[in-house]
Amino acid sequence: MAAVEFQNVGIRFGEVPVVRDLSLIVEDGEFVVLVGPSGCGKSTILRSIAGLAAINEGDMRIGGERMNDADPAARDIAMVFQSYALFPNMTVAQNLGFGLKIRGEARAGIARKVAEVAAVVGLSDHLHKRPGALSGGQRQRVALARAILRRPGVFLFDEPLSNLDAEFRTAMRAEIVRFHRNQGASMVYVTHDQTEAMTMGDKIAVLAPLAAGHKANLMQYGTPDEVYNRPANLFVARFIGTPRMNVMTLPVDGGTVRFGSQTLALPPAAAHLGKVVLGQRPEHLRLAATGSESGLAGSVEHIENLGHEMILTLATDLGPLILREARSAKVPSLGQQVRLVLDPDHVHLFDPVSEQRIE
Amino acid sequence: MTRARRATLLSYAILIIAGFASIFPILWIIGISLKTQADAFAMPPKLVFVPIWDHYAKVWADATFIKGFLNSLFAALLGNLMAFAIGIPAAFALNQKRVPGRATILAWLLLSYMLPEFLFVIPIYGLFQASGLYDTVFGLALVYQTFTLPFTIWMMRAFFADVPFALYEAARLEGAKSWQILLRVYLPMAAPGIAATAILNTIRIWNELAIALGLTFDKAQTVTLAVAAYRGYAAIDWGALSAAAITSILPMLIFAVLAQRQIVGGLSLGAVK
C-alpha cells in the first residue's frame, strides 16, 4: 500500500496557484526527497500532507485513506520543522512528552516512553534542559525524537538541516539516512539542496515554480541515478548536478550537429529539428591532446582547485563551458588555449521549444 | 577632551536635569507632607526642618481615604481580571491570520482606546443609575474596560505575534486544541508580556479620576477622589493632601521598582512594532 498518494492535487494561496496537477506516489517505507528552487511548492506539498496547507483540488491519501480534510493529529504523520519548533518554555522531557500528555496518557507511561526515545537519539543526559541550552544538533535530535515518539506511518522533514553548519550537516545527513533504515517508515523530505536530495533519497521529485511559467510543478520523479543520468527535461538537467550541466543550443544540419570540428550524429527523433539543445555534464567534457585540431577551441578563464580535482571554466564561441578534470591529469594554466571534445556516449538532447528530453 | 567624552558628559548633564525636573515636584510634596502648615509656606522655603508625621497619621486613620485606597485596589484587580479574561482569547484569535476584518477590528479597538474617557461618563451615567451599577467598584471596573481591554488586546497580540507560528503548528500536529495551545504554549511564553500589561493597566486604573468622579458618589470612591477630598470647600488641608498623594503613589512605586524590567520590555515592544 502506498504511504502517501497525490492524485491531480492543486493548492492555491488565495487566487495564486502554488501547486498544480500533482500526481505522485510515495511507496511504503520509501525515502522521497522533494527538491526544487524557492517557490516551487515543495514545502507547501509537505505541509499539505501534514494538514497545515489546504488542498483545493484532487485527492491526497495517506495509507490508502483520503485525508484532504482530516485533522492534522489524525493523519498518522509526524513532522520535523525547519526551526525544529521546540517549545522554549518546556524542558526536553516536557517537549517530548507534550503530545502524549495532550492525548491523556498516564504520567508513568509518558516518563517511560520519553526515556526510551531519549536513549535512542542519545539525549538521556539532556532531558532536564530547555531547548535554549542545547546546541543546534541536539535540538535537531529532540525534534527527531518527538517525531519518533508518535510512531507515525510517515515522517515529514521540512529542510531540517538548513540551520546547521556545513560540517555538521554532513554528519546529520548520514544520521537521518541511518534512521530511515532502522525505522523502515516512509519519509518525505524537503530540501533546496540538490546534494541532500541526491545522497539521501530513494527517489527524488524535482519541482519547478509555477510562477516561472511551468504548467505543473513536478518535473521528474525517479531514483537519484535516473534523475542525474537521464534528466527528463532542461529544468532537471540544469538543476541537478554541481557544477551545472553544460547546455548549448546548436543548429541541426543534415541530421548532425557540430561542436567545433567535432561532428555528432543525432538520433532520428532529433534529426528533423532546426535546432537542438545539447547538454553534457562537466565530468564528461574532455580536453583534447595537445596539438590536436579536434573539437572546439577555448581558453582557460578560471580554475577552481578542489585538491582531488580541478574545475575549469573555459571561454568558447558557444559561451562559457565547465569542465571537471581529475587532479592527476596535466592541468592547463590560466589563459591557455585548449580544445574541448564531447563524449558522444554521454550527450543529453532536448527539444528547444518543449525543453523535453529527446532519446 | 575627546569628542566621545564630551558627548557622554553632555548626555549625563541632560539626564541629570531631566531626572531632577521629574523628581522635584515629588520631593516638594514629600516636604510639605512632613512640615507644619507654617513651615510649608515659609518664604524663603525651609530646606532644613523638623519632620512631623501628623499628616500621615491623620490620613492613615481616615476611613474615607482607606476606603478609597481599597476601592482602587479592587478596581485595579477586577479591571485586570476582566481585561485578561476577554483580552487574552481575543488577542490569540486576532493573532491568527484567517480572521476576517482583522485590521478593522484592531483599528476600532485602538480608536476606543484613544477616545477621551470622560466621553463615556454621561451616557453611561444614566445606564448605571438604572441598572444599579452606579457607585459600585464592579461598575467602575466595567467602564475601565473601554481603555484596559483594547490596550490588553493590543499588547497581548504583540506578545503572541512574537511566538513563532511553527510552535502553533507543531502543537496542532501533536493533537492539541486551540485552547490547549493558548494555555500550554502561548501563555507561558508571553508571561513577561502579561506582567507588563497588568502593570500598565494598573497604573492607568490607579491614576484614573474622571470616570470615578462621574460614576461614583460614596461607596465606590477611588483613591484619586480620596486625595482630592482634602481640598475642602473652605480650606485646603495641604499637609494631609500631600501625605495622601504620597501614600497613593507608594503601591505603584513599589510595583514599578519590582517590575522595572517587564515595564521597559512592554514599553519598548510598543515602540519597535
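How many residues of domain 1 of chain A are in contact with how many residues of domain 2 of chain A? Ten residues of domain 1 of chain A are in contact with nine residues of domain 2 of chain A, contact meaning heavy atoms within 4.5 Å. This is a predicted model, in which local features need pLDDT of at least 70 and side-chain atom pairs count only at pLDDT 80 or more, whereas totals for chains, interfaces and linings use all residues. Residues are numbered from 1 along each chain as its sequence is written, chains are lettered from A and ligands numbered from 1 in the order in which they are written, and side-chain values use heavy atoms, with hydrogens and water left out.

**Confidence and overall features**

- Chain A has a mean pLDDT of 92, and 99% of its residues reach 70 or more; pLDDT is the predictor's confidence in each residue, from 0 to 100.
- Among the elements of chain A, strand S3 (residues 31-35) has the highest mean pLDDT (97), and helix H5 (residues 166-183) has the lowest (86).
- Helices (H or I, at least four residues) and strands (E, at least two) are DSSP runs, numbered from the N terminus.
- Chain B contains 14 helices and zero strands.
- The C-alpha trace of chain B spans about 75 × 70 × 30 Å along its principal axes.

**Domains of chain A**

- Chain A is divided into domain 1 (2-239) and domain 2 (246-358), with bounds that come from an automatic or database domain assignment.
- The centres of domain 1 of chain A and domain 2 of chain A, taken over C-alpha atoms, are separated by 38 Å.
- About 940 Å² is buried between domain 1 of chain A and domain 2 of chain A, and carbon and sulfur atoms give 51% of that area; buried area is the accessible area (1.4 Å probe) that two parts lose on being put together, summed over both.
- On the side of domain 1 of chain A, Tyr228(A), Pro231(A) and Leu234(A) lose the most area to domain 2 of chain A, together 53% of what that side buries.
- Across this interface of domain 1 and domain 2 of chain A there are zero salt bridges, a salt bridge being a side-chain nitrogen of Lys or Arg within 4 Å of a carboxyl oxygen of Asp or Glu.
- Five residue pairs (both at pLDDT 80 or more) are in polar contact across the interface of domain 1 of chain A and domain 2 of chain A. A polar contact is a pair of N or O atoms within 3.5 Å; within protein, one must be able to donate a hydrogen and the other to accept it, and residues adjacent in sequence count only if both atoms are side-chain atoms.
- Helix H7 (224-229) and helix H8 (234-239) of chain A each supply at least two residues of the side of domain 1 of chain A that touches domain 2 of chain A.
- That side of domain 1 of chain A has six nonpolar, two polar and two charged residues. Ala, Val, Leu, Ile, Met, Phe, Trp, Tyr, Cys and Pro count as nonpolar, Asp, Glu, Lys and Arg as charged, and the others, Gly among them, as polar.

**Domains of chain B**

- Chain B is divided into domain 1 (1-52) and domain 2 (53-272), and 31 Å separate the centres of these domains, taken over C-alpha atoms.
- Eleven residues from domain 1 of chain B and ten residues from domain 2 of chain B take part in the contact.
- The area buried between domain 1 of chain B and domain 2 of chain B is about 900 Å², with 71% given by carbon and sulfur atoms.
- Helix H1 (residues 3-33) of chain B provides five residues, the largest share of the side of domain 1 of chain B that touches domain 2 of chain B.

**Interface of chain B and chain A**

- The contact takes 15 residues from chain B and 23 residues from chain A.
- About 1700 Å² is buried between chain B and chain A, of which carbon and sulfur atoms give 67%.
- In chain B, Leu173(B), Glu174(B) and Arg184(B) lose the most area to chain A, together 44% of what that side buries.
- Four salt bridges are found across the interface of chain B and chain A; Glu174(B) and Arg150(A) meet through their side chains in a salt bridge (4.0 Å, N to O).
- Helix H8 (165-173) and helix H9 (178-189) of chain B each supply at least two residues of the side of chain B that touches chain A, and H8(B) gives the most, with seven residues.
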